[in-house]
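Visitor: I am new to reading structures. Please walk me through this one.

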Amino acid sequence: YYAKIKPNDRANIENKLTGTIQLELEKYRQKAAARLSPIMDQASDEAEANGLTPDILASILEQIES
């Protein structure tokens, strides 16, 4: 059926589907970021409470890169 649709109508359908998919992906991305942010904050707080300073972290990362 789709192959028999006029090219203009097909393009309109494709544009609407693309827009809908992009909107849903953006909603999903925003929800994922909202869930991840508190987890990252908690990990940062725990690392700091356990004595991990920015200088120590930089040193560790330099060793890994070497």
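Visitor: Is Asp-41 buried, partly exposed or exposed, and why?
Guide: Buried means under 20% relative accessible area, exposed means over 50%, and partly exposed lies in between (1.4 Å probe, protein chains only). Asp-41 counts as partly exposed because its relative accessibility is 45%. Asp-41 sits in helix α1, residues 7-49. Helices are DSSP runs (H or I, at least four residues), numbered from the N terminus.
Guide: The model is predicted: local features need pLDDT of at least 70, side-chain atom pairs count only at pLDDT 80 or more, and totals for chains, interfaces and linings use all residues. Residues are numbered from 1 along each chain as its sequence is written, and side-chain values use heavy atoms, with hydrogens and water left out.

Visitor: How many salt bridges does the structure hold?
Guide: A salt bridge is a side-chain nitrogen of Lys or Arg within 4 Å of a carboxyl oxygen of Asp or Glu. The structure holds two.

Visitor: Which residue forms a salt bridge with Lys-27?
Guide: Glu-24 does, with the closest N and O atoms 3.4 Å apart. Lys-27 and Glu-24 are three residues apart in helix α1, so about one helical turn separates them. Lys-27 is partly exposed at 39% relative accessibility. Glu-24 is partly exposed too, at 42%.

Visitor: Which residue pairs with Arg-29 in a salt bridge?
Guide: Glu-26 does. Their closest N and O atoms are 2.7 Å apart. Arg-29 and Glu-26 are three residues apart in helix α1, which means about one helical turn lies between them. Arg-29 is partly exposed, at 45% relative accessibility.

Terms used:
Helix = DSSP H or I, 4+ residues; strand = E, 2+ residues; numbered from the N terminus.
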